[in-house]
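Dear colleague,

I am handing over the structure below, followed by a summary of what was found in it. Please read the notes alongside the coordinates.

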Amino acid sequence: MSRSSYDRYLTVFSPEGRAISGAGVTAVSVRGKDTAVVITQRKVPDKLLDPETITHLFQITPTIGCVMTGLIADARAQVQRTRSEAASFRYKYGYEITADALAKRMANINQVYTQRAGMRPLGISMILIGPDDERGPQVFKLDPAGYFVGFKATAAGQKQTEATNFLEKRWKTMEADKTVLDRAGTIELAIECLSSVCATDFKANEIEIGISSTSPDEPAPGGKAMGGQGLFRQMSEEERGEWLVRVGEKD
């Protein structure tokens, strides 16, 4: 097949063999000793849109959340299916599904989409975060081909390569210094990474941050300290602003 021609099957692949998808925003995820964080850009394409209705962060179970990059309609369909699978597991076994079991299940479903002519792979990348009773905070990334793997830190979307390089360099330094990321360090690293690769000093309304933490510093539902139940939540604009100021002062 010449490099200029696309195949004519219902599942459309480019001449390089990649499934067609869109990128748009960049997302970064980092895990520390007791905290996993996802951060992504929030781009509002039209001044008349209500920015509160635009999100790439979604809660799946009380403790598991995800960030989706790519085609937003595909992302919402995938989130709906993921929630359905998690609810089905809860109904069947009487306890919440773990992040790794959910990642494996969704990767298996994604793989079927590459196999049958009547379906096309979803043009998205999904990063799941959640706590594990035995292994601590977990980060998993799934791709449309059905591949999934756990990460210490990862990125997806438009500036994925630059973000991954940034995180690799920082991780190398941390391992050499034997640094362990606490809750604050995890959040700050994620913000620094996104700001650095996008070369932007973000305002609070230009990013979204999702967190799942068992740290005592994590506020409990209702705002009291000593939370640390590993519940997934999205930070408010006020809280995002405070963290951005902290990171700015650090630089």
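**Strand pairing around β5**

Gly 65 stands opposite Ile 129, a residue of β5, where strands (E, at least two residues) and helices (H or I, at least four residues) are DSSP runs numbered from the N terminus. This is a predicted model, in which local features need pLDDT of at least 70 and side-chain atom pairs count only at pLDDT 80 or more, whereas totals for chains, interfaces and linings use all residues. Residues are numbered from 1 along each chain as its sequence is written, and side-chain values use heavy atoms, with hydrogens and water left out.

β4 and β5 pair in the antiparallel sense over 6 bridges, two strands being counted as paired if DSSP finds at least two bridges between them. On β6, which runs antiparallel to β5 and is joined to it by 7 bridges, Leu 142 stands opposite Met 126; these two strands form a hairpin with 3 residues between them. Because 8 of its 9 residues are buried, β5 is largely enclosed by the rest of the structure (buried means under 20% relative accessible area, exposed over 50%, and partly exposed in between, with a 1.4 Å probe and protein chains only).

Helix α2 (residues 99-113) has 15 residues, which at 1.5 Å a residue should span 21 Å, and its end C-alpha atoms are 22 Å apart, which agrees; the expected span is 1.5 Å times one less than the number of residues. Its buried residues are Ala 99, Leu 102, Ala 103, Met 106, Ala 107, Ile 109 and Asn 110. They cover an arc of only 165° around the axis, which puts them on the same side of α2, the arc being that of the directions from the helix axis to the C-beta atoms. These buried residues pack against α1 (72-93), β5 (124-132), β6 (136-142) and β7 (148-150), with contact taken as heavy atoms within 4.5 Å.

Thr 61, in the loop between β3 (57-59) and β4 (65-70), counts as buried at 6% relative accessibility. Not counting residues up to four places away in sequence, Thr 61 touches Ala 86, Glu 96 and Ile 97.

**The open sheet and the cores**

An open sheet of 5 strands has the order β8-β1-β2-β9-β10, with antiparallel pairing. Its edge strands are β8 and β10 (232-234), each of which pairs on one side only, and the twist averages 15° from one strand to the next (axes are lines fitted to C-alpha atoms, for helices over the stretch in contact, and angles run from 0 to 180 degrees between N-to-C directions). α3 lies across β1 and β8, running at about 170° to β8, while α4 packs on the sheet, touching β1, β2, β9 and β10, with its direction at about 25° to that of β2.

The largest nonpolar core has 30 residues, and those with the most contacts inside it are Val 28, Val 30, Ile 39, Leu 167, Leu 189 and Ile 191; such a core is a set of buried Ala, Val, Leu, Ile, Met, Phe, Trp, Tyr and Cys residues joined through side-chain atoms within 4.5 Å. Among the elements that each supply at least two residues of this core are β1 (26-31), β2 (35-41), α3 (160-177) and α4 (183-198), and α4 gives the most, with 9 residues. A second, separate core of 22 residues includes Phe 89, Ile 109, Met 126 and Phe 140.

With best regards
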